[in-house]
Amino acid sequence: MPELRIMTFNVENMMVRFNFSKREEEGLISLPEIDDPVERAELIRTYWNVLTDEARVFTALTMASENPEVICMMEVEDMPAMKKFHDSYLRRFSREYKYKYLINANDKRGIDVAVMSRDKIGAVVSHQQMEETIAYPDPKKPKKQRVFSRDCLEVNVEKNKKTLAIFVCHFKSMMGGRPQTKVKREAEAAAVRKIIEERYDNPAKSDWIIVGDLNDYTEDHQGKPDTGHGLGPLLDDGFCVDLVKKIKTPEDRWTHFYAGKREYHQLDYILVSPSLAKKNPGVAPVIVRNGTPYRAEEYRGERWPRVGWDRPKASDHCPVVVTLGF
């Protein structure tokens, strides 16, 4: 049975865009093409976060420290940005990742999901065009639309003559309110399930993985279940298994710290089919926090030298990594 070491990591605005001056930044506030003030603010934030040297050293160190064979990333601008990061940063600490895939998708900010792999990748399928009817409570919102905020990028990794399908996702953020945005994440989760059910005659007995920043949490920091999430289509009836929940101590499951309310939550997931879970009993992933800024005060472990209170840092998310047999 071959083994594959997989990492999921929201790398936070891996951009190679122009770094606007303060004067230009103020001018961007009146961007006419975005009506929603929340989306406009996010667009502005994107344009003055760029591929900075010290931060990307931390990102690369964090990846290399766990030596994954496959790295699934969220918030990558484009292929040139990924190649620049790989060649100028990651390759200095790690072996080469020969196979790289990114397909520009639906996000208005231009942040995409991407994959780097040392093992050969066969078929790559983008599901960004998939449309669904979304039951928004606000009648002004469109009903039929592209369901994925970014994409559900399907990559098929080949190792020792076997193939493992990985579905890389980055669901709708909670900006604008968790209850208000839940319906979009719920639709995305249902769409991922639909893709897998159409792909496999018996999904429970097939091997596949869903990874990514799903932008919602299913429990509080003490492990008390929270039913207000939008991930029900994937989790409620055992369609897949959340490996992070295999970490015994609930306080050790967080992957993101929200400074506004001082909240620690798991937003990043490695979800596996029931078949794959049975093949890997007792396997729990590792959450890597060396690049976490010091404002996440609950983490008292080692950090990379020169990590700051807020920045520089590896990312605002912690990567999750696991080795699985298939």
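Begin by selecting isoleucine 209. Leaving aside residues up to four places away in sequence, isoleucine 209 touches Ile6, Leu164, Ala165, Ile166, Phe167, Ile270, Leu271, Val272, Leu276 and Leu324. The model on display is a predicted one.

**The six-stranded sheet**

Now display the strands in the order S5-S8-S9-S10-S14-S11. These six strands form an open sheet with mixed pairing. Strand S5 (121-126) and S11 are the edge strands; each has a single partner strand, so one side of each lacks a neighbour in the sheet.

Within this sheet, select residues 152-159, strand S8, and residues 162-170, strand S9. The two strands run antiparallel and are joined by eight bridges. For one of the paired positions, centre on leucine 153, whose bridge partner in S9 is valine 168. Helix H5, residues 178-199, comes next: this helix packs on the sheet and touches S8, S9 and strand S10 (208-213). The direction of H5 makes about 160° with that of S9.

**Strand S2 and its partners**

Move to residues 70-76, strand S2. Seven of the seven residues of S2 are buried, so the strand is mostly covered. On one pairing, S2 lies parallel to strand S1 (residues 3-14), with six bridges between them. Here asparagine 10 has methionine 74 of S2 as its bridge partner. On another pairing, S2 and strand S4 (residues 112-117) are antiparallel, with five bridges. Select cysteine 72 to find valine 115 of S4 standing opposite.

**The cysteines**

Which cysteine sulfur is closest to that of cysteine 152? The closest belongs to cysteine 169, at 3.8 Å. Cysteine 152 counts as buried, at 0% relative accessibility.

Then select cysteine 318. Its sulfur has the sulfur of cysteine 72 as the closest cysteine sulfur, 17 Å away, which is too far for a bond. Cysteine 318 also counts as buried, with a relative accessibility of 3%. The count of disulfides in the model is zero.

**Two loop residues**

Is serine 94 buried or exposed? Serine 94 has a relative accessible area of 11%, and it is buried because the cut-off for burial is under 20%. This residue is found in the loop between helix H4 (79-88) and strand S3 (99-102). Show Ala64 and Arg118 as well: serine 94 touches both, when residues up to four places away in sequence are not counted.

End the tour at aspartate 237, in the loop between helix H6 (232-235) and strand S11 (241-242). Aspartate 237 is exposed, because its relative accessible area of 52% is over the 50% cut-off. Display arginine 193 with it: a polar contact of 3.0 Å joins the two side chains. Finally, draw a C-alpha to C-alpha distance from aspartate 237 to methionine 74: the two residues are 27 Å apart in space and 163 residues apart in sequence.

Methods:
Residues are numbered from 1 along each chain as its sequence is written. This is a predicted model: local features need pLDDT of at least 70, side-chain atom pairs count only at pLDDT 80 or more; totals for chains, interfaces and linings use all residues. Side-chain values use heavy atoms; hydrogens and water are left out. Helices (H or I, at least four residues) and strands (E, at least two) are DSSP runs, numbered from the N terminus. Buried means under 20% relative accessible area, exposed over 50%, partly exposed in between (1.4 Å probe, protein chains only). Contact means heavy atoms within 4.5 Å. A polar contact is a pair of N or O atoms within 3.5 Å; within protein, one must be able to donate a hydrogen and the other to accept it, and residues adjacent in sequence count only if both atoms are side-chain atoms. Two strands pair if DSSP finds at least two bridges between them. Axes are lines fitted to C-alpha atoms, for helices over the stretch in contact, and angles run from 0 to 180 degrees between N-to-C directions. A disulfide is a pair of cysteine sulfur atoms within 2.5 Å.
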